[in-house]
Amino acid sequence: MTEVGEKIVSLLPQLRRFAIGLCGDVSQADDLVQTACEKAIKNQNQWQEGTRLDSWVFRIIQNLHLDHSRANTIRRDYALNTAHQAENCVDGVRALESRYDLGVVGHGLDQLSLSQRSILLMVCVEDMSYRQVAQTLDIPLGTVMSRLARARQHLHRILSPDSSGTIASKNKNHTDPTKVVNNVR
Amino acid sequence: MSDKIDPQTLLSPENLMAPDNLMAYVDGELSTQENEAIERLLPKDKQASELVDLFQQSATSVRVSLLPLADEPVPEKLLSAILAADEAHKREEEFNSATATIAPALIIKKPGLFERAMVRLSDYLLSCQENRRWSGPFTVVCASVFLIAVISGAGGYLGGYFMADNNNKKIQMVALENSDQLKLHHQQAVQQALTKLVSGKKLNWEWGQGISGFVEPVRTFKNRSGNYCREYREETVLQGTLISSKGIACIGGDKIWQNIYSIIPGNGHNESLSPSSPVHLVPVVGSKEL
């Protein structure tokens, strides 16, 4: 195995966690992680030794997800009336299985923008410093902080039961399949 | 934050209790000094305390629901796909480094006049190959040399084999139509010599039936596309007749040396340059007029 390959394998649980948090769907997350890792292994010369390998792969995952979401939006626009589309909508059972149950937090994450979501995951779950996030995503430190603050305020609004009426029903969406379908992006 | 501009302004209550700074406090991004200052101010500031709670709670809830995900077993399919990708990369790297260890030995430190001329020559020949143009300046370069150029197309190979008419001191190129194995043998020798030998070393090959020879890389240079090219010379004994020849080959993306041209020196009283189409690899047969 290559050195980077070995490290990537040991990072897999973490990479999956990030991807699941990002896209909210386990099988999609696994596809994302696979493509990202293959890419990382192939282009391992581009990784600068001494920097965090995980954050480098996080960035690849995030970019892939962004491309994927864009492609999906385009596809959806073109294929509104196809049987394929109908099939996807009806297949609630599959959606139920594939949607990882992150409960109300998952719902909250869904409502954030992709960049807010990934910054939130990097800082709050993966223990990256603001500076590391800024370097990884190649954005200014101030932008990291403002996006992160907005993401948390937004999430807080969704999570706190007293803030709005819609939250009460979302709190018990674990058993509600329609809610789960809604959660699938 | 660690961006310390002026400790005094940084520690002013307005800056300390700014929302972003409170978030940085929660996330452990501040210095001990800043932390202590905030902790002194917090009990007196209800709004700030609420914000701190907000940042704390949002972080905790995300952590709590996501952290355990890393304890899940990694799907076998994912793991094996990544191992396969790593294996493929490793093999590719090994191949590249194997070829790279040869290349540095070939590098000529500073391109001299000859190398520059060679670069031009090979570029020119390549352009001829593309344009089917064959004229002018090139013949001057090759004065006093009887030149048979065999331009082979992509993947092409100098397939002309030759026999010498010793009495007339004229070289007849004879295609040995039925000697694919000999061609292959010779081709392998050339490829091997160009890939593995430093300039000046010879690779001897032997076919049997009085046919043998050697290939000797002479110089190495890079063409404009940055590919390595090597000039080499060959001596081939064909049933008692010695034939010396020269050639230039450049390595392509497929790691195969492709002949750009070959030179068979003759007695020098006439020069001729014959472009040949990529398909026809037998330049001249029994050339009285030469």
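Two strands are said to pair if DSSP finds at least two bridges between them. In this predicted model, strand 4 (residues 211-222) and strand 5 (residues 228-238) of chain B meet that condition with 11 bridges, and the pairing is antiparallel. One of the contacts sets Pro217(B) against its bridge partner in strand 5 of chain B, Tyr232(B). Five residues lie between strand 4 and strand 5 of chain B, which form a hairpin, and Gly226(B) in the turn has a positive phi of about 85°.

Strand 5 of chain B also runs antiparallel to strand 6 (residues 241-251) of chain B, with 10 bridges joining them. Here Cys229(B) stands opposite Cys250(B) of strand 6 of chain B. This hairpin has two residues between its strands, and Gln239(B) takes a positive phi near 45°. How many of the 11 residues of strand 5 of chain B are buried? Nine are, and the strand is described as mostly covered.

## Helix 4 of chain B

Helix 4 of chain B spans residues 32-41, and its buried residues include Glu34(B), Asn35(B), Ala37(B) and Ile38(B). These residues lie on the same side of helix 4 of chain B because they cover an arc of only 165° around the axis. In an α-helix there are 3.6 residues a turn, so residues three or four places apart point the same way. Thr32(B) and Arg40(B) are exposed, on the face of helix 4 of chain B turned away from the buried side.

## Contacts of rings

In chain B, the charged end of Lys202(B) sits over the ring of Phe214(B), 4.7 Å from the ring centre. Over all chains, the structure holds one aromatic pair.

Conventions
Residues numbered from 1 in each chain as written. Chains lettered and ligands numbered in written order. Predicted model: local features only at pLDDT ≥ 70, side-chain atom pairs only at ≥ 80, totals over all residues. Heavy atoms only, no water. Phe/Tyr/Trp six-rings, centres within 6.5 Å; stacked < 30°, edge-to-face > 60°. Lys NZ or Arg CZ within 6 Å of the ring centre and 35° of its normal. Buried < 20%, exposed > 50% of the residue type's maximum accessible area, 1.4 Å probe, protein only. Helix = DSSP H or I, 4+ residues; strand = E, 2+ residues; numbered from the N terminus. Arc of directions from axis to C-beta.
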